[in-house]
Amino acid sequence: MEKHKNRVVITGLGVVAPNGVGIPDFEKAIKAGQSGIEFISELEELNFRCQVGGVPKITDELLSASFTELELKRLSAKGVIYGILAGLEAWKDADLTFAESDAEPKWEYGTVFGSGISGINTLRDAIYRTDDLKVRKLGTTMVEQTMPSAISAFLAGKLGLGNQVTTNASACSTGTESILMAYERIRDGKAQIMLAGSCDADSPHVWGGFDAMRVLNYKSNENPKAASRPMAADASGFVPGSGAGALVLESLDSAKARGAKIYGEIAGGFVNSGGQRGGGTMTAPNSMGIQKCIEGALRDSKIEPHEIDLISGHLTSTMGDVPEIENWSTALRLSGKKFPRVNSLKSMTGHCLSAAGSIESVACVLQLAGNYAHPSINCEEVHPKILELIDESCIPHELIQQENTIIAKSSFGFGDVNSCIIFKKYRA
């Protein structure tokens, strides 16, 4: 006899993105096709080939409203700050209370919040001070800011979380994977509410390796807004970005008992690896692995390919865009005008690395609840090989109002790792 599984719904959203900090500004930007990519003079001074990037604009007012003076003194890791801001917004959006410091932990509440290289600048400072024999000047918060689980630990302390508190790291698949991990914990009855998301920092020390690999766009330094061009014929590399996205996931029973607003439901998903075989490498995916990941997500969600209304692709503005569409077409066995609409948020934010999947998932939930498909900008001339697979009408060049019942979100990362999640309209 199959064990009862909880339905899992989304009751809160938070975002810190290059084109919008906070849900209202972010949704306004994605509907308008507004890019957050700008020229960064520091990259020019450091002789980067790519001198543009996506950096969230954080105001002093927002920091003062979110942190105490002591907390601001303790925190310098930008990625962690982004993650906390997104997490706190999602918590407030879900109308959840903030526990007093002396209160009992919330034993049924937890977090899976992924991270990439969020504390690298803080770690760099520590290395220099240590090399200069100034160990005593490192301060008492160095370890807590640079440990991989810094973001989940800080959020747990702010919110008094007593269930699972952990940080995952799976390169660019991190954010989508974190949501699935949190979903499974609630589905299986091990938690009632989970804060899921991911974050990553902006820094020459984060982005330098990608520039050295020559995978970043260097042709649009004088036209930053047009630099990220997913699915375009003249796409020439991804644009680095940063930020954080957060979702509050909750069992349906809990959400109904609280009278919480419900943005949508998670129908299921799948995570796998191509094993760096069959053409897959550390930096390139095994196509069979991607197809199996998509097929696994459909099976887990119990939906048919033709039911998908929109795909939020990984689509980075690199040579990987064509095989990604090909893999989706093969896995769904759909092509031409029968293929679902597909867009790429990275056209407006750049590639936010470990934060990408969670920020893009926030956009998915907004599109699901609002019944629209945001534009995929800078794609005036679609790559001809993509047009051999799907009809151009499948790619929204401007805001399109449409009824969304099912939205699929995919993420693929270095190490040949894949994740796919299925968001579904909530029906009582």
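1. Strand E1 and strand E2 (residues 20–21) pair in the antiparallel sense over two bridges. Strands (E, at least two residues) and helices (H or I, at least four) are DSSP runs numbered from the N terminus, and two strands pair if DSSP finds at least two bridges between them. A hairpin of two residues connects E1 to E2, and valine 16 has valine 21 of E2 as its bridge partner.

2. The model is predicted: local features need pLDDT of at least 70 and side-chain atom pairs count only at pLDDT 80 or more, whereas totals for chains, interfaces and linings use all residues. Residues are numbered from 1 along each chain as its sequence is written, and side-chain values use heavy atoms, with hydrogens and water left out.

3. E1 also pairs with two other strands. Eight bridges join E1 to strand E8 (residues 243–251), and the two run antiparallel. Strand E9 (residues 264–273) is likewise antiparallel to E1, joined to E1 by three bridges. Valine 8 stands opposite serine 251 in E8 and opposite isoleucine 266 in E9.

4. Is strand E1 (residues 8–17) enclosed or open? Ten of its ten residues are buried, so E1 is largely enclosed by the rest of the structure. Here buried means under 20% relative accessible area, exposed over 50%, and partly exposed in between (1.4 Å probe, protein chains only).

5. The axes of helix H12 (residues 287–301) and helix H13 (residues 321–332) come within 9 Å and cross at roughly 45 degrees. Axes are lines fitted to C-alpha atoms, for helices over the stretch in contact, with angles from 0 to 180 degrees between N-to-C directions. H12 and H13 are therefore oblique to each other; angles under 35 degrees count as roughly parallel, over 145 as roughly antiparallel, 65 to 115 as roughly perpendicular and the rest as oblique.

6. Which residues make the contact between H12 and H13? H12 contributes Ser287, Ile290, Gln291, Ile294, Glu295 and Leu298, and H13 contributes Asn327, Trp328, Thr330, Ala331 and Leu332. Contact means heavy atoms within 4.5 Å.

7. Alanine 369 is found in helix H15 (residues 356–370). At 40% relative accessibility, alanine 369 counts as partly exposed. Residues up to four places away in sequence aside, alanine 369 touches Tyr263 and Lys425. The C-alpha atoms of alanine 369 and leucine 85 are separated by 23 Å, and the two residues are 284 residues apart along the chain.
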